[in-house]
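Subject: The structure we talked about

Hi,

Here is the structure I promised to pass on to you. Please open it next to this email so that you can look up each residue as you read.

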Amino acid sequence: MNRTTLSLIAGVAALAAVTGFAALDTPDAAGAGTAGAAARLPVERTTLVCPSPSSSDIADTAYTSFTPVTRGTGSGGTARLTSADAQTDSGTADATNDDQGKGGKDKGKGKDAGKKAAEPALQPKDPGTPVTGDTSGADAPALIGTAEGRFAPGWTVQQTTEVAAGAGRGLLGVACTPPDTEFWFPGASTAASRSDYVHLTNPDDSAAVVDIELYGKDGAVKSTAGDGITVAPHSSEPVLLSTLGDAPQDDLTVHVSVRSGRVGAAVQALDQKTGGDWLAAATDPAGSLVLPGIPKDATSVRLIAFTPADADTDLKLRLASPTGLITPAGHETVHLKGGMTTAVDLGPLTRGEAGSLVLTPASGSVPVVAALRVTEGKGDKQETAFIPASAPIGTRATSADNSAKGSTLSLTAPTAAAQVKVTASAGSGGGTAVSKTYTIKAGTTQDIAPPQPAGLKGTYALTVERLSGGPVYGARTLTATEEGVPGITVQTLPDDRGTVSVPRTDQDVSVLQKP
């Protein structure tokens, strides 16, 4: 193997270590990719960011950090979540350890700021066992975390907040996300009853510059207020969406693009009447989409969809029910105008059964993003959750912060039957992991009462692995009731990207050299 080949392999390995994900497909003699030539290895480093949880003084927030056990990782490594507000001399962020007190109290302010690194807010000891922490009040900071070595592959952090009263009251949950350079959020709003903030968190040592664009029912919202927003290093910036446009709009699609650097992004949607939740980014624009895990008790389901293309398109709507794909009466198709946000009320779509919404092109395919706003309860006892279109599980996905009651796992196989293994981890306070295998029939959604660890103490994580068959999409729903008001939050389960594709050491990639 010549020097160029070795350098390329070393470069890909280094990229995997820094970004947590990289892929290299080498061409064969005919110029086609050789998919079988690359090996998949565990990632060596993962970065996650968690937004500031709430502006309410009566908010109670729990964090759960978990890494599934992954073969081939070795014995070294660490994972730590720290406050985005506190800075050390080396430029990394730190916060008070939740095991010793409430996290996030040391914000790095005052003359002694940055002189001594505080303990991390969360620092697990072993993969396979969750670790938890909590904080209260309105001044809890955003968190930035890094996992390395055996803690990096599939690292998952769940942030769950309970707010008993006020705007956005209810259960607000979000899976902390890796930083990126582009995000789509269909389902946001600047209506009079809503206060929606897009939270931008920069985990890096240099500033990030971000643009925020809004698209309503008539197209792009004309404003320059969202252009060139600077997010300082190791900091988080909440941006109130109503400040980016003149007239209130019930349904918006938010597009976040990063000119320089990278950020984590999530929209916090707070409603004065129907509670609130986090709206996570939808999967990248695509011709066909799956929105998994609609709660069976939903009293109202609203679809918000947008195409960034110039052309109009028609989408077929089908519900993946427990018995197969069905077409909702009166909602066979939806018409999208290019560059405009479309919203459709689908009513009590699931009617007491498990369900997922499947969108496919009725004619020519154009890229689309979509999300669902789901409401449970009636009158003054309503709560809202959001379900963005999700990427499939692929190999493996994990949801953390499950308890003995109030957790539902939804899995759907829209095109072909699939077999999955679901593993319930050991509890954060004790217990033994347990696994169970399920078969998901083609075109169906199954709500699964997840297996629970033997001798469970504390919370546990659920890891879903696709064993065979077609693509699988998943979501986890958490529920709680506070003074008769149902609390609900839904997190989708895209693949955890815990492995990286790299060339085999015996593979000749000299064909990539320039003459």
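Predicted model: local features only at pLDDT ≥ 70, side-chain atom pairs only at ≥ 80, totals over all residues.

Residues are numbered from 1 along each chain as its sequence is written, and side-chain values use heavy atoms, with hydrogens and water left out.

Let's start with the salt bridges (a side-chain nitrogen of Lys or Arg within 4 Å of a carboxyl oxygen of Asp or Glu). Searching the whole structure gives 10 of them.

Three residues to look up together are Asp-251, Arg-302 and Asp-345, which are linked in a network of salt bridges. Between Asp-251 and Arg-302, the closest N and O atoms are 2.6 Å apart. This pair links distant parts of the chain, 51 residues apart: Asp-251 is in the loop between strand E14 (235-240) and strand E15 (252-260), and Arg-302 is in strand E19 (residues 300-306). Strands here are DSSP runs (E, at least two residues), numbered from the N terminus. Arg-302 also meets Asp-345 in a salt bridge, at 2.9 Å from N to O. Here the partners are 43 residues apart, with Asp-345 in strand E23 (residues 341-347).

How covered are they? Buried means under 20% relative accessible area, exposed over 50%, and partly exposed in between (1.4 Å probe, protein chains only). Arg-302 is buried at 15%, and Asp-251 is buried too, whereas Asp-345 is partly exposed at 47%.

Next, the surface. Asp-60, Glu-162, Glu-482 and Glu-483 form a negative patch. Patches are made of residues with over 30% relative accessible area and no salt bridge, and like charges are joined within 9 Å; Asp and Glu count as negative. Glu-483 sits in the loop between strand E35 (473-482) and strand E36 (485-492), and counts as exposed because its relative accessibility is 70%.

Finally, find Leu-41 in strand E1 (residues 38-42). Leu-41 and Val-502 are 461 residues apart in sequence, yet 7.4 Å apart in space from C-alpha to C-alpha. Leaving out residues up to four places away in sequence, Leu-41 touches Gly-498, Thr-499, Val-500 and Val-502, where contact means heavy atoms within 4.5 Å. Leu-41 is partly exposed, at 43%.

Happy exploring!

Notes. Patch = residues over 30% accessible without salt bridge, like charges linked within 9 Å, V, L, I, M, F, W, Y side chains within 5 Å. Areas by Shrake-Rupley, 256 points an atom, 1.4 Å probe, with all protein chains shown as cover. Charge placed at Lys NZ, Arg CZ, Asp CG, Glu CD. Helix = DSSP H or I, 4+ residues; strand = E, 2+ residues; numbered from the N terminus.
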